[in-house]
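Here is a briefing on pockets and core packing. Keep the model open while reading.

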Amino acid sequence: MRGLDDFLAECDRGPRINQLTDFFAATAAGESGMPVRRPVVDARLLPSDDLLRDLVGLHAVRQGFFDRHYHGSIPYRLEEECRMAYAVMKYARQFGTPLSLYSLGTAEGTMARTLSELSGGQIRSLSCSPNAENYKCFMAYGEPPDAEFFIGPFHRLTKDVLGSDTRFAKFASGFDVILEDTTFQMYSPNRVQQVEFVAQHLKQGGIFVFVEKFRAHDDDDYIRREYQKDFGFKARYFPPDEIEKKKTAVLTTMFNNEVTLEEMFHAVGAHFKHCVMTWNSGNFCSLAASNSRENLNLYLSQMEDPAIPHEYVYETERLRRL
């Protein structure tokens with residue numbers, strides 16, 4: 001990767017591990033930012049299926065402190081996480097060898113751990129976070145089979161680290177699926193190099209999934225969607241002063257590192273031939289990309305319909321192959 005040293009230095013200056021450190025540490029430890037009630041999956045929005053029911057149930061008991069904050073903050077993100085995990089589980093069953101999953105920056109790595117436990121060895125996962133508090137939650141139910149955790153920011157998980165640490169050696173050949181969950185936006189708007197750096201860990205024909213918050217073409221549209229998120233959903237879990245406190249302390253900083261969908265598609269297109277939007281919730285979207293049309297189509301074929309009320313979905317014309 002050209003310009004690697006400059007890129008790593010840029011990441012080291014990122015808000016996630018500098019001015020936002022205290023917020024993430026306190027939230028991951030359950031010392032602040034906790035919802036007044038615990039978010040739970042709205043089963044009416046998901047299909048009735050034994051495997052999905054087992055996944056939702058195990059996911060619920062494995063959640064840590066940051067998960068509660070996160071899933072109470074983004075409309076129907078919890079349902080989407082379970083929908084995505086269900087698709088990955090079914091996708092993994094199409095292969096004769098274990099599937100490797102890298103979930104970067106996803107707090108305590110609940111989804112990855114749940115998949116590793118429930119799959120009985122069919123899915124081997126690695127999660128990462130800069131916060132030791134998240135690792136504590138990850139280990140709260142004992143050392144999970146086939147699930148590992150790297151304590152550190154995503155840009156410090158290099159190929160050398162994967163190859164030299166005995167816990168991670170099984171991932172040295174790369175990952176079949178990588179999930180970036182609202183991570184890049186906490187460091188910088190440099191999506192081209194961020195995607196390039198992480199894509200080095202992806203196997204040929206692997207699938208890269210991105211979940212991010214995006215800027216809108218119209219600032220008024222962006223603000224209206226934020227109001228809907230805050231007062232139509234988030235108010236169910238947080239009092240008004242907590243919502244305003246986070247907006248001041250975190251969201252303004254994060255906004256400076258957000259990009260538009262067009263910019264994201266350009267960054268992804270620099271490394272992948274195929275990209276599809278699979279989910280939209282207000283200003284949040286999820287994309288799936290791959291250089292293998294066959295693998296991407298197989299993954300998409302395992303996905304159920306988005307589990308979210310229509311009034312939160314705005315990018316309907318983009319929910320297709322691009």
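What is the volume of the second largest pocket? The volume is about 200 Å³. This is a predicted model, where local features need pLDDT of at least 70, side-chain atom pairs count only at pLDDT 80 or more, and totals for chains, interfaces and linings use all residues. Residues are numbered from 1 along each chain as its sequence is written, and side-chain values use heavy atoms, with hydrogens and water left out.

**Second largest pocket**
- A pocket is an open set of points on a 1 Å grid over the protein atoms alone, where a 1.4 Å probe fits, with protein on both sides within 12 Å along at least five of seven lines.
- Lining residues have an atom within 4 Å of a point.
- A volume is the space filled by probe spheres set on the points.
- The lining includes Lys 213, Tyr 222, Asp 230, Lys 247 and Glu 258.
- Helix α10 supplies the largest share of this lining, five residues.
- By class, the lining holds five nonpolar, one polar and five charged residues.

**Largest pocket**
- The largest pocket has a volume of about 240 Å³.
- Its lining has 16 residues, and Val 41, Ala 43, Leu 46, Arg 53 and Val 56 lie nearest the centre.
- Helix α3 (residues 50-62) gives the most to this lining, with five residues.
- The lining divides into 10 nonpolar, three polar and three charged residues.

**Nonpolar core**
- The largest nonpolar core has 90 residues, of which Tyr 102, Phe 154 and Tyr 299 touch the most other members.
- Helix α5 (residues 77-92) gives the largest share of this core, 10 residues.
- Such a core joins buried (under 20% relative accessible area, 1.4 Å probe, protein chains only) Ala, Val, Leu, Ile, Met, Phe, Trp, Tyr and Cys residues through side-chain atoms within 4.5 Å.

Technical notes: Helices (H or I, at least four residues) and strands (E, at least two) are DSSP runs, numbered from the N terminus. Ala, Val, Leu, Ile, Met, Phe, Trp, Tyr, Cys and Pro count as nonpolar, Asp, Glu, Lys and Arg as charged, and the others, Gly among them, as polar. Buried means under 20% relative accessible area, exposed over 50%, partly exposed in between (1.4 Å probe, protein chains only).
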